[in-house]
Amino acid sequence: MRGARGGAVARAVRGGLSRRRVQTIVIGLVLLASTGACVLALGLVVDSNAPFDSAFAAQNGAHAVVTVDAGKATRAELAATAHVAGVTQAAGPFGEVTITPGVPGPPGYTGRVAAPPMTLAGRASPGGPVDRLILQQGRWAQRPGEIVLSSSYQHGLSLGAQITAGGAPGTPRLTVVGVADSIDQSADGWVTPGQIAALRAPGTPATAQLLYRFADAGTAAAVRAGIAAVSAALPAGAVTSTQSYLQVRAQVSSGIAPIVPFVVAFACLGLVMSVLIVINVITGAVVAGYRRIGILKSIGFTPGQVVAAYTGQVLAPAVAGCLGGVLLGNVLAVPVLGRTATVYGVGTLRVPVWVDVAVPVAMGALVGISALLPSLRAGRLNAVQAIATGRAPRTGRGYAAHRALGKLPLPRPVTIGLAAPFARPGRTAVTLTAIVLGAAAVTFAAGLSASLTRVAGGLSRAQADPIQVGLPGGGAITRAGKPQPSAAAQQRAVEAVLRAQPGTLHYTVETTVQARVTGIPQQVPVTAFRGNAAWIGYAMISGHWYRAPGQVDVPTGFLTVTGKAVGDTITLTAGHTQIPVRIVGEVFDTSNRGLEMFTSWQTLARSGLPLIPATYDVGLRPGTDPAAYARALSTLGPGYSVSINTNEAFFVTLIGLIGMLVLLLAIVAGLGVLNTVVLHTRERVHDLGIFKAIGMTPRQTIAMVVCWVAGTGLLAGVIAVPAGVALHRYVLPVMARAAGTGLPASYLTVYHPAELVLLALAGTVIATAGALLPASWAARARTATALRAE
Amino acid sequence: MDALIRLDEVTKRYDNDAAPAVDGVSMQIAPGEAVAVMGPSGSGKSTLLNMIAGLDRPTSGTVTVAGERIDRLSETGVARFWRRRVGMIFQFFNLLDDLTVLDNVLLPAQLAGVPRGKAQARADELLAALRIGKYRQAYPARLSGGQRQRVAIARALVNRPAMLLADEPTGALDSANGELIGGLLLDLNRSGQTLVVVTHNPDLAARYAHRTIEVADGRIAADAGVGARR
């Protein structure tokens, strides 16, 4: 008996599905799109941290790396910090030293070139209680003169390569014997503990690093508290710098973090839209099926069976849509997660399995609840009343709108169409919301794409500074090196060739010197430009480009780390000279996590260091092809590198992803409209027959049906534009903060008035696109058939 | 006879396996005639009327109205044909509930592009003639069946059609209202309006039509009074 009842419900579900093919397809597609967006969003959120956390746990990473002045604390005092309250594990002290390594120059050079400064720690083995190093290649350093490099600091050095320790007495040579990974990035290389003293420059204080794990390290505040407890246990001034694992995690995950906010925004939009549309579909199916419900109940269906029949009609396509959405989300995640995998060096990265399971289950539950409410209403319907009432809207609704709109000097089919939404205010409100969300997503995406294009251009400076010419030796020739030909001859040669090119608009030469800045533990690259470099293309977040000696511009990362602001004065130490400089501008640049400075040649010349030009930056006249220009510079001969600045390919992927997501959401909104119009057409099929029977042409029918939602679409567009712009204004700075930078105002003000007008029409376009298909069905319907329909 | 309506071997099938609803019917109706099409339920009389009206297409055969092959017209062509030639009234009135009486009557004229003032004047004239002028701003739901059918007649006549087709026009009315509507149709025919009425009511056919076509099983079983005028 129970089986028979179940069979009856199944037959009712099958019957409903076949009778309402359009709604079935709409539900499936809506769930496909929204589940896809949610899987992608959650997958990215999880994967932005998961690989780091796994590696951190496996290597028992340090929550804090604390560098101390070994002269200010005894070994006993340092050892005692392992027992400070809150410290669960500790390692060290490991002697620490910073050298300026000299590495073999490029082919054709007899000298060595200076690589970026390198922090070395003295460790007897890669293991230990905290920060267990993973040996990737070779072996651990066993004797003086051997070094194990961090994989993040290889600079083309392979096993067996030799580097010189610049700054150390006698400039000793170190042979690379291994490559290792530290999840904490606690050092750029490791040597035996006994080697550290021999590598320290005369006059510099002895430093050591201690590694700690804390009982509570879930938040930045907790880590700061742990560090404060350790610092308090040491003599005042002993701690010279600290590093939290959260900083490292943020840095490592910064490749994906900026993407997360907008994908989450899209996913939320998709989620809300799918719920609204499902509610609309089911409510519509119940309303359209009043007579059918009445008939089902009159032949013995219980309220529970009616509920099951209507919920089943939704869940079948919803399940199919959810499963398809999981597939879609995984496919869309491939290009983004591929990049993240590269950042972490973890090979491949996929959407976690639990995300693939949890999202469709959650979406299914959401849809089930959305379907249940109108289905319960269906179950409670009185059979006689349902059969008698049919699907007619409540009498009186929308009459005033008809009367008012009928007075407008517009074709009658248009005014009848525009008045239709007032007959179903609830459905109109849901449809309006779905179109608002879809149009807002379009507005948001248009702004986001424009902003990201500017971000990509700002980071690459491909527009202002499309060509860079590198001089042999890269400007970092050590005193021992002897470039061939001389630096002056190189400059004369390059400038002669640049002047000879008709496409040259302007050029400047730059060099980079490593300097110390108060508040930043590591050295900071300072790039100096000779002559006017205001055209070079760094976008200003605040302040202005330097105009006089003694002025510098810095990125947001620099200001964040140092706690300085535009207008402040800082002291940089280049060589042995301290140079006070004033920060006059905050530039948009994320290189080296924003830890860099830009200034004039004269400012850096005060250091007394020999400034050797490294790179020529070339701006081109409008219409000049950078590739052709670069080819023309081949006359410079071997040793000179000519590169073309182009936007990072990742941004192309990102903008493509945005386009894909917004297309999905626009399709979802369009399907929502289609569903509404189909419901409306079903309800008014008899009226359509009357219209046609009194002379309404197919074209007039299409106009009327499109106008059922066109007014709603126009209103939605007007609401959606400010909503989309507001979302853009909110999300973009969040993305920038995730990337550790501010944004120039011009990257936010990307909407032109004409564009906003066009975007306001997006709602109408979505509504019209969604309505056209059912409108053409209505126009083609045979009049006699429509008149016979109930 | 100079036919206004001419059907030649018209067959209509809704289902290939089932018997045809209309089976090889040929007939002609002259201008100014009042014709009653009679037959039992399911005999095919409404299908016949729908094909004359252009609301439905024959499976085979031809339907010519005022010299125009309407079975070959596109949907747009049918709509334009309707505006010029046909006024139709239905058993259940088929008024649009969300439009006032006046708007219902005006609608065919507005769809045909008749200037608003001219259409309004014609609608007022018809509503007054049918004695429902005071209900011009009322909604159909507030009217009685007879009043609704008079609104439907006004709507059918607003574009001065060549023929008036009526499908069971008194079928949903009580006898008094049925008499009233029948009298109105008779008056219209006397003023020269061609009238085709589908009915299963022999009294209505006898009193208000001067020609009766009996349909059974999709075929013309009898055709009495061809060419007669009252």
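**First stop: a hairpin in chain A**

Select the hairpin of β7(A) and β8(A), where six residues lie between the strands and A:Gly167 adopts a positive phi near 95°. This is a predicted model, in which local features need pLDDT of at least 70 and side-chain atom pairs count only at pLDDT 80 or more, while totals for chains, interfaces and linings use all residues. Residues are numbered from 1 along each chain as its sequence is written, and chains are lettered from A and ligands numbered from 1 in the order in which they are written.

Strands here are DSSP runs of E with at least two residues, helices are runs of H or I with at least four, and both are numbered from the N terminus; two strands pair if DSSP finds at least two bridges between them. Within this pair, the residue opposite A:Ile163 is A:Leu174 in β8(A).

**Chain A as a whole**

Of its 790 residues, 50% count as buried, a residue being buried if 20 or more other C-beta atoms, placed from the backbone, lie within 10 Å of its own. Among contacts in chain A with a separation of 6 or more, 86% join residues 24 or more positions apart; two residues are in contact if their C-beta atoms, placed from the backbone, lie within 7 Å.

**The crossing of α14(A) and α22(A)**

Select helix α14 (residues 412–419) of chain A together with α22(A). Their axes come within 7 Å and cross at roughly 35°; axes are lines fitted to C-alpha atoms, for helices over the stretch in contact, and angles run from 0 to 180 degrees between N-to-C directions. α14(A) passes α22(A) in a right-handed crossing, that is, with the near helix turned clockwise from the far one by less than a right angle. On the α14(A) side the contact includes A:Pro413 and A:Ile416, and on the α22(A) side A:Met704 and A:Trp708 are among the residues involved. By class, the contact has 10 nonpolar, three polar and no charged residues. Nonpolar denotes Ala, Val, Leu, Ile, Met, Phe, Trp, Tyr, Cys and Pro, charged denotes Asp, Glu, Lys and Arg, and the others, Gly among them, are polar.

Remain with α21(A): seven of its nine residues are buried, including A:Asp687, A:Phe691 and A:Lys692. After this helix comes A:Gly695, with a positive phi near 110°.

**The sheet of chain B**

Move to chain B and select its open sheet of four strands, ordered β2-β1-β4-β5 with antiparallel pairing. At the edges are β2 (22–29) and β5 (68–69) of chain B, each pairing on one side only. Strands β1 (residues 5–12) and β4 (residues 60–65) of chain B run antiparallel and are joined by five bridges. The partners in β4(B) are B:Val65 for B:Ile5 and B:Thr62 for B:Asp8.

Two bridges join β4(B) to β5(B), and B:Thr64 stands opposite B:Arg69. Their hairpin has two residues between the strands, with B:Ala66 taking a positive phi near 50°.

**Last stop: two helices of chain B**

Select helices α5 (residues 145–157) and α6 (residues 175–190) of chain B, whose axes come within 9 Å and cross at roughly 20°. The two helices are therefore roughly parallel, a term for angles under 35 degrees. α5(B) passes α6(B) in a right-handed crossing. Among the contact residues are B:Gly145, B:Gly146 and B:Ile153 of α5(B), and B:Leu180 and B:Leu184 of α6(B). The contact divides into four nonpolar, four polar and no charged residues.

Key: Buried ≥ 20, exposed ≤ 12 C-beta atoms within 10 Å, placed from the backbone. Parallel < 35°, antiparallel > 145°, perpendicular 65-115°, else oblique.
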